[in-house]
Amino acid sequence: SSSSLHTIYQGILRQCDNLRSQVSKNAILTLGDMYIGFGKTGLMDNEVTSSIAMLIKKCADSATTFVASTAEESIIHIIENVSGIKALAGLLLCIDNRNPVIRGRVAGFIHFLVATKSKSKSNDTKSKSNDTNNFKNCKEIEILKNKLTKMLNDNTPEARAYSRDIVRELIKQNVCSQNDLEAKIPPDLILKALTMQQSAPM
């Protein structure tokens, strides 16, 4: 049942922050597996925000790089197995983090999300979440557009590069037009995003 799954989830989430790195890694792996197994059923929808918040924090764990890389893989599993809008909402809550490493990672995940979820086929009946992968006119995209100027001016090269990728992808996937973006973002930043080389894939 959903209540039993929530109880299990809470226990696993606590262990993601375990001081023993091997325990933390195994909990993060389990969390990712939960989204692979249950994400497309909608049973994990209410856990997306807290999952992303925890995993993003672990992505900045420079002391144990294998924990950080495992957390990145689990975020990818979340993005792949829940609705794009729910994943975007969770990521947007982390984009203003004080840690520059986290801001760069979040921008990269948002780029990956827009690039993959915008291409989702609406006739795929295997996933209940596919009907919410259309980003056009959703409030989360409006929030993203309002944050992009700050992201494009971030003092972290990774965050700036992935933010430019987001701009290109939003236009390429027809989520919004260049004119729409220019209403929120200075045109010179848009032009720079469209002409500079794409960053390395995540």
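**View 1. Leucine 191 in helix α10.** Leucine 191 sits in helix α10, residues 187-195 (helices are DSSP runs of H or I, at least four residues, numbered from the N terminus). Leucine 191 is exposed, at 53% relative accessible area (exposed means over 50%, buried under 20%, partly exposed in between, with a 1.4 Å probe and protein chains only). This is a predicted model, in which local features need pLDDT of at least 70, side-chain atom pairs count only at pLDDT 80 or more, and totals for chains, interfaces and linings use all residues. Residues are numbered from 1 along each chain as its sequence is written, and side-chain values use heavy atoms, without hydrogens and water.

**View 2. Helix α6.** Of the 18 residues of α6, 13 are buried. At the N-terminal end, a side-chain oxygen of asparagine 99 lies 2.8 Å from the backbone nitrogen of valine 101, capping the helix.

**View 3. Aspartate 17 and lysine 57.** These two residues form a salt bridge, with the closest N and O atoms 2.8 Å apart (a side-chain nitrogen of Lys or Arg within 4 Å of a carboxyl oxygen of Asp or Glu). Aspartate 17 lies in the loop between α1 and α2 and lysine 57 in helix α3, so the pair ties together parts 40 residues apart in sequence. Aspartate 17 is partly exposed at 34%, and lysine 57 is partly exposed at 41%.

**View 4. Aspartate 96 and helix α7.** Aspartate 96 forms a salt bridge with lysine 147, closest N and O atoms 2.6 Å apart. Lysine 147 is in helix α7 and aspartate 96 in the loop between α5 and α6, 51 residues apart. Lysine 150 also meets aspartate 96 in a salt bridge, at 3.7 Å, N to O.

How values were computed
Helix = DSSP H or I, 4+ residues; strand = E, 2+ residues; numbered from the N terminus. Polar contact = N/O pair within 3.5 Å; in protein donor to acceptor, adjacent residues only side chain to side chain.
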